[in-house]
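Here is a short report on one chain, read part by part. Keep the structure open while you go through it.

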Amino acid sequence: MATRHNPSKPDGYDPIVLTRAAERTVVKGNQRKYARLSRPLRFYGGITSAQEVGCNLRCKFCFSDKPVRRPQSTGRFYSPQEVFEALTHGAKKNGHRLISASASEGTLGKKHLFELLTLVDQSDYIFVLETNGMTIGNDPSFAKELSQFKNLHVRVSIKGCTAHEYNQLTGADSRSYDLPYEALDYLMDAGVSCNVCLMISFSTAKTIDIAETRLSSIRPGLLKSLEKEHITLFPKVATRLNNENLSPKTIRHRGKIMQFNKENYYV
Ligand code: SF4
């Protein structure tokens, strides 16, 4: 198991503090801000997804620009009922059984989320909760609360394969790298359907192995459903990475995974 990076002082922002700040902007009562309510995506063989606003990380490779970086001026507030109706209307039209909200952090605004999941539970649809695992890892009762919903699958995305990579990629305090692993442990203990997605574009074979060993130590089965994620180099992402002097080793380009070298870098 990877050791906890424990500098005497924080080496980045605290995602839990950022969670509260983001919620003040994107949550109002049982309403949450969305940029778009329903669009078909190709993941999982087809899913209808809403585009949420607001995140508690600032990943430098993030393709979701305004919803993450300008939550005040992006999107508008919707009730759980409005989101559910738009998602299921789109899913019916697209022939999808899966629905989700993506492009930001899915666990902001628990009241909104739980009311939405209650509606999903009364339907035949399955909701995929996309999360970076910060909030669930920080609060063991969160996974227990999620376990009451049966039409739910949680996808936990881990940003980098070590605490050092995570700190470089997100600017967050290295110590919070443990939180998504803790989230997985809590979710599995609570019997919530879940899987892991690991960002490996900036990793080496050695650090990928470290992360896989750590996941396996939580439950060996986590490796079976592990998704290895590669960035897509949209122009804004390329500019941001270039400004941060970060260069991916691999990228996803037209559905294929490609090695990347700096000569091809564009801004
Ligand atoms: S956690 Fe996801 S949505 Fe949030 S900044 Fe990172 S990649 Fe973007």
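## Domains

The chain splits into domain 1, residues 15-229, and domain 2, residues 232-267. The model is predicted.

At the contact between them, seven residues of domain 1 meet twelve residues of domain 2. On the side of domain 1 that touches domain 2, three residues are nonpolar, two are polar and two are charged.

## Helix α1

Helix α1 covers residues 15-26.

An α-helix has 3.6 residues a turn, so residues three or four places apart point the same way.

## Lys28 in strand β1

Strand β1 contains Lys28. Is this residue buried, exposed or partly exposed? Lys28 has 13 other C-beta atoms within 10 Å, so it counts as partly exposed. Buried would take 20 or more, and exposed 12 or fewer. Lys28 is 112 residues from Pro140 in sequence, and their C-alpha atoms are 24 Å apart in space.

Helix α4 runs over residues 110-121. Its twelve residues should span 16 Å at 1.5 Å a residue, and the distance between its end C-alpha atoms, 16 Å, agrees. His112, Leu113, Leu116, Leu117 and Val120 are the buried residues of α4. Their arc around the axis is only 125°, which means they sit on the same side of α4. What do they pack against? Their partners are β1 (27-28), β2 (31-41), α3 (80-94), β6 (126-131) and β7 (152-158).

The loop between α4 and β6 holds Gln122. Gln122 is exposed, because 9 other C-beta atoms lie within 10 Å. Along the chain, Gln122 and Asn151 are 29 residues apart; their C-alpha atoms are separated by 8.7 Å.

Helix α7, residues 163-170, is mostly covered, with six of its eight residues buried. Those buried are Ala163, Glu165, Tyr166, Asn167, Leu169 and Thr170. They pack against α9 (205-218). Gly171 follows α7 and has a positive phi, near 75°.

Ala172 sits in the loop between α7 and α8 (178-189). It is buried, because 27 other C-beta atoms lie within 10 Å. Which residues does Ala172 contact, leaving aside neighbours within four places in sequence? They are Gly12, Tyr13, Pro15, Leu57, Tyr166 and Asn167. Tyr166 and Asn167 are among the buried residues of α7. Ala86 is another matter: it is 86 residues from Ala172 along the chain, and their C-alpha atoms are separated by 34 Å.

Tyr44 is not a glycine, yet its phi is positive, near 55°. Tyr44 is in the loop between β2 and β3 (47-52). It is partly exposed, because 14 other C-beta atoms lie within 10 Å.

Asn245 also has a positive phi, about 60°, although it is not a glycine. Its place is the loop between α10 (235-243) and β11 (250-253). Asn245 counts as exposed, because it has 7 C-beta neighbours inside 10 Å.

Notes: Residues numbered from 1 in each chain as written. Predicted model: local features only at pLDDT ≥ 70, side-chain atom pairs only at ≥ 80, totals over all residues. Helix = DSSP H or I, 4+ residues; strand = E, 2+ residues; numbered from the N terminus. Expected span 1.5 Å × (residues − 1). Arc of directions from axis to C-beta. Contact = placed C-beta atoms within 7 Å. Domains from an automatic or database assignment. Nonpolar A, V, L, I, M, F, W, Y, C, P; charged D, E, K, R; others polar.
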